[in-house]
Amino acid sequence: MVPHLITALNGPINELEARVLESMPATERWFRLEWMEHTPTFYASVDLRNAGFKLAPVDTNLFPGGFNHLTPQMLPQAVQAAMAAIEKICPEARNLLVIPETGARCSFYLDNLATLARIFTQAGLNVRFGTLDPVIAEPTELKIANGGSIVIEPLVRKRGRLMLKGFDPCTILLNNDLAAGTPPQLMGLHEQYLLPPLHAGWTVRRKSQHFRAYEEVAKRFGKLLGMDPWLITPMFQGVDLRGHKGLEALQTAADTQLAKVRRKYKEYGINEKPFVIIKSDVGSYGRAVLTVRDAKDIEGLAAALPENLGQEVIVQEGVPTHERVHEAVAEPVVYTMDRYVVGGFYRVHAHRGIDENLNAPGASYVPLAFAESPHLPRPGEKPGVSAPNRFYMYGVIGRLAMLAASYELEATDPQAEAEAA
């Protein structure tokens with residue numbers, strides 16, 4: 001199934017799909033060469049927006065929490081990717097310790113943890129869960145959405161190692177984005193592999209850094225394919241709200257971005273009203289995401305901005321989503337592990353518009369996007385109608401975002417600075 005693309009402006013996207021398919025050998029070789037120079041993030045999820053006239057990532061999560069939304073047909077790809085990733089990092093690995101979000105008791109999130117355990121168990125590892133939550137002082141069984149359960153245990157720190165009682169892992173997988181800060185238990189673990197690294201957490205990470213890296217990746221990829229990188233890139237600007245001129249800087253940034261989008265719309269003959277998205281520069285789980293069509297509207301939001309968004313924000317070109325699943329607005333989400341696309345789904349929201357954030361209460365998840373393998377496109381088919389072709393293209397953009405995350409983490413790696421010194 002290819003969800004219906006509700007737009008007459010699907011020419012550029014169909015041309016992009018055709019260009020990507022024609023360039024498939026060159027594209028795959030380009031990715032291979034990039035992965036020789038850069039280490040892929042261990043896992044990620046990428047939110048995409050298909051406007052019909054452009055396709056771009058709007059968010060990249062390095063601690064994805066929706067593996068339970070992947071279909072059973074997708075899990076073999078995830079298991080193979082997990083095997084490849086673990087083999088590179090710690091070939092002799094036997095035990096894997098997974099550290100989830102602290103205090104997360106939602107049955108669907110716990111189902112995500114159970115799916116991760118299933119993937120890594122089938123990849124040949126003993127998997128257990130250890131929590132940073134000080135309230136949990138003994139092994140605790142928690143029920144999950146499908147009727148099963150998982151056991152969360154208190155962590156034990158012994159010198160330079162983190163473990164559970166009777167369980168000493170070689171590798172630790174974080175499914176916790178460290179938005180509340182870096183706990184001392186996770187520092188100085190020089191004898192174990194910590195995935196992703198601590199500087200991938202929101203204590204250090206910024207969305208503006210990620211999209212700056214993505215711009216660089218998109219420009220290089222656009223040159224390879226002979227295409228305008230704007231077709232796959234959301235323009236953006238970071239803004240610091242601290243100081244008495246913070247609001248003025250935000251209005252100026254919004255005005256600048258809207259003017260840039262108008263010029264691009266005029267260039268491509270796009271008859272839509274531009275908008276920008278204002279959101280926190282750090283992780284916010286989709287909360288406090290504002291849609292603005294006129295910079296003057298920001299004055300009415302002034303009082304609530306720092307409280308809801310924090311002091312650091314990003315003003316990003318709004319990419320409307322013109323895809324529909326069951327008549328509801330939808331956006332594809334691509335899941336990756338190591339260098340591989342392992343699956344995905346549509347985030348669907350019946351009560352949100354094409355210019356609004358869909359990662360909000362009321363969203364549902366439809367695992368249709370990768371019902372057929374995205375790795376086996378069908379060159380020669382008419383653009384816009386073949387599911388494998390559409391989703392191969394989504395996988396390419398997802399991998400570009402994953403590569404940008406690799407660039408980003410290299411640039412912010414404190415260890416690299418220490419080695420250079």
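Select helices α2 and α5 to begin: α2 passes α5 in a right-handed crossing, a crossing being right-handed if the near helix is turned clockwise from the far one by less than a right angle, and left-handed if anticlockwise. What you have open is a predicted model, in which local features need pLDDT of at least 70 and side-chain atom pairs count only at pLDDT 80 or more, while totals for chains, interfaces and linings use all residues. Residues are numbered from 1 along each chain as its sequence is written, and side-chain values use heavy atoms, with hydrogens and water left out.

Helices (H or I, at least four residues) and strands (E, at least two) are DSSP runs, numbered from the N terminus. Helix α2 covers residues 24-37 and helix α5 residues 207-225, and the two pack at an angle of about 145° with their axes 11 Å apart; the axes are lines fitted to C-alpha atoms over the stretch in contact, and angles run from 0 to 180 degrees between N-to-C directions. Now show the side chains where Ala26, Thr27, Trp30 and Glu34 of α2 meet Val217, Arg220, Phe221, Leu224 and Leu225 of α5, contact meaning heavy atoms within 4.5 Å. By class, this contact has six nonpolar, one polar and two charged residues, where Ala, Val, Leu, Ile, Met, Phe, Trp, Tyr, Cys and Pro count as nonpolar, Asp, Glu, Lys and Arg as charged, and the others, Gly among them, as polar.

Next, select helix α3 (residues 75-89) and helix α4 (residues 107-122), which pack at an angle of about 60° with their axes 8 Å apart. That makes α3 oblique to α4, since angles under 35 degrees count as roughly parallel, over 145 as roughly antiparallel, 65 to 115 as roughly perpendicular and the rest as oblique. The residues in contact include Leu75 and Met83 of α3 and Ile119 and Phe120 of α4, and the contact divides into eight nonpolar, two polar and one charged.

Move on to Lys54, in the loop between β2 (43-50) and β3 (55-61). Is Lys54 buried or exposed? At 1% relative accessibility, Lys54 counts as buried, a word that means under 20% relative accessible area, with exposed over 50% and partly exposed in between (1.4 Å probe, protein chains only). The side chain of Lys54 reaches the backbone oxygen of Thr233 at 2.6 Å.

Finally, select Asp294, in the loop between β14 (290-292) and α7 (305-309), which at 35% relative accessibility counts as partly exposed. A polar atom of the Asp294 side chain lies 2.9 Å from the backbone nitrogen of Lys296.

Notes: Polar contact = N/O pair within 3.5 Å; in protein donor to acceptor, adjacent residues only side chain to side chain.
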